[in-house]
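Welcome! Let us walk through a protein together, one part at a time. Have a look at the picture below, then read on.

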Amino acid sequence: MSGTSTRNFRTLFISDVHLGSKGAKADFLIDFLRHHEAEKIFLVGDIVDGWRLRRSWHWPQTHNDVVQKLLRQARKGTEITYIAGNHDEFARNFQGVHFGGIVVADRAIHEAADGKRFLVIHGDQFDAVVQNARWLAYLGDFAYDAAMAMNRLVARFRRTFGMPYWSFSSWAKVRVKKAVNFIGAFQDVLTEEARRSEVDGVICGHIHHPTIENFDGIQYINTGDWVENCTAVAEDFDGSFVILHWPHVLAGKLVNEPFVPMVVDQRADKAAA
């Protein structure tokens, strides 16, 4: 791929952008959206980080540019559904409401090109800490901020020496046993919810761990995030899914390098082995 080519997909799934936080890679996402279009886009929760905005206001122009880019795509005819998450749970008060062509929902059923049906949900509803110990979730959020501060230092160092973006926090997460166990448990409970919903799979976010896996006939897809991993999930026109990794800001044009989508198909506990 070279020049200003645009890749077209049937559907794009994007989650955990966390606009309003210092860790949000808004410039990466703008660049990604410049080079990827789809008939449908699902925003799978935590697009806006209401938790951090309540603590201190942080909304640079790039965050506004992400919103404007999505609104322009909606005006051009892209069908966009905003699935609310825990950090933007205020949106759950507006289910069914359209904002500039973007409809808000708590969950949705997506029918892929091959006829398979997927539950699209952020996933915080199945996080026991978020649901039953909100104070602990807030404490964890502070700890996450500290990890992301370290992430920014590492990224600044690598950028200074011409090295590509790499997520220290994502690397550390899959090497901490408790985090790995949590990821595995989250995958299990979301898979069971898909089975109860009588669908073929589930597409979610929340835990910032991009993956595509199959569990006893149920496909589990996690979109990742735009804080640590800079990933989105794309559905092609044959109903197949792939994780797209966008680790560089390409300044408006694609470099003359082959684009290789990142596909992760191993369980988190295998990744940590």
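Two residues are in contact when heavy atoms of theirs lie within 4.5 Å. Leaving aside neighbours within four places in sequence, Ala91 is in contact with Ala84 and Val104. Please keep in mind that this is a predicted model.

## The whole chain

The protein chain holds eight helices and 12 strands. Of its 273 residues, 52% are buried.

How much of the contact list joins residues 24 or more positions apart? Among contacts with a separation of 6 or more, such pairs account for 68%.

Strands of a sheet pair through backbone hydrogen bonds, and they can do so in parallel or antiparallel fashion. Here you can find an open sheet of seven strands with mixed pairing, in the order β4-β5-β3-β2-β1-β11-β12. Which strands stand at the edges? They are β4 and β12; each has a single partner strand, so one side of each is left without a neighbour in the sheet.

Let us step through some of the pairs. β4 and β5 run antiparallel and are joined by two bridges, with Phe99 opposite Ile102 in β5. The hairpin of these strands has two residues between them, and Gly100 takes a positive phi there, near 60°. β5 and β3 run parallel, with four bridges; Tyr82 has Val104 in β5 as its bridge partner. Further along, β1 and β2 are parallel over seven bridges, and Phe13 stands opposite Phe42 in β2.

Start with α1. Eight of its 10 residues are buried, so the rest of the structure largely encloses this helix. Among the buried ones are Phe28, Leu29, Phe32 and Leu33, as well as Asp31 and His35. The buried residues of α1 pack against β1, β2, α3, β11 and β12.

Now turn to α3. Is the spacing of its ends what the 1.5 Å rule predicts, or what else? A helix of 15 residues at 1.5 Å a residue should span 21 Å, and the end C-alpha atoms of α3 are 21 Å apart, which agrees. In α3, the residues His63, Val66, Lys69, Leu70, Gln73 and Ala74 are buried. Looking down the axis, these buried residues fall within an arc of 140°, so they line one face of the helix. Their cover includes α1, β2, β3 and β5. The face turned away from the buried side carries Gln61 and Arg75, which are exposed. After α3 comes Gly77, with a positive phi near 115°.

In soluble globular proteins, nonpolar side chains tend to be buried together. The largest nonpolar core in this model has 33 residues, and Leu12, Ile14, Leu29, Phe32, Leu43 and Trp226 are those with the most contacts inside it. At least two residues of this core come from each of β1, α1, β2, α3, β3, β5, β11 and β12. Which element gives the largest share? That is α1, with six residues.

Beyond the residues up to four places away in sequence, Leu43 touches Ile14, Leu70, Ile80, Thr81, Tyr82 and Ile83. Another core lies apart from the largest one: it has 15 residues, including Phe118, Val233, Phe241 and Ile243.

## Back to Ala91

Is Ala91 buried or exposed? A residue counts as buried when its relative accessible area is under 20%. Ala91 has a relative accessible area of 6%, so it is buried.

Ala91 and Ala105 are 14 residues apart in sequence, and their C-alpha atoms are 8.1 Å apart in space.

Key: Residues are numbered from 1 along each chain as its sequence is written. This is a predicted model: local features need pLDDT of at least 70, side-chain atom pairs count only at pLDDT 80 or more; totals for chains, interfaces and linings use all residues. Side-chain values use heavy atoms; hydrogens and water are left out. A nonpolar core is a set of buried Ala, Val, Leu, Ile, Met, Phe, Trp, Tyr and Cys residues joined through side-chain atoms within 4.5 Å. Buried means under 20% relative accessible area, exposed over 50%, partly exposed in between (1.4 Å probe, protein chains only). The expected span of a helix is 1.5 Å times one less than its number of residues. The arc is that of the directions from the helix axis to the C-beta atoms. Two strands pair if DSSP finds at least two bridges between them.
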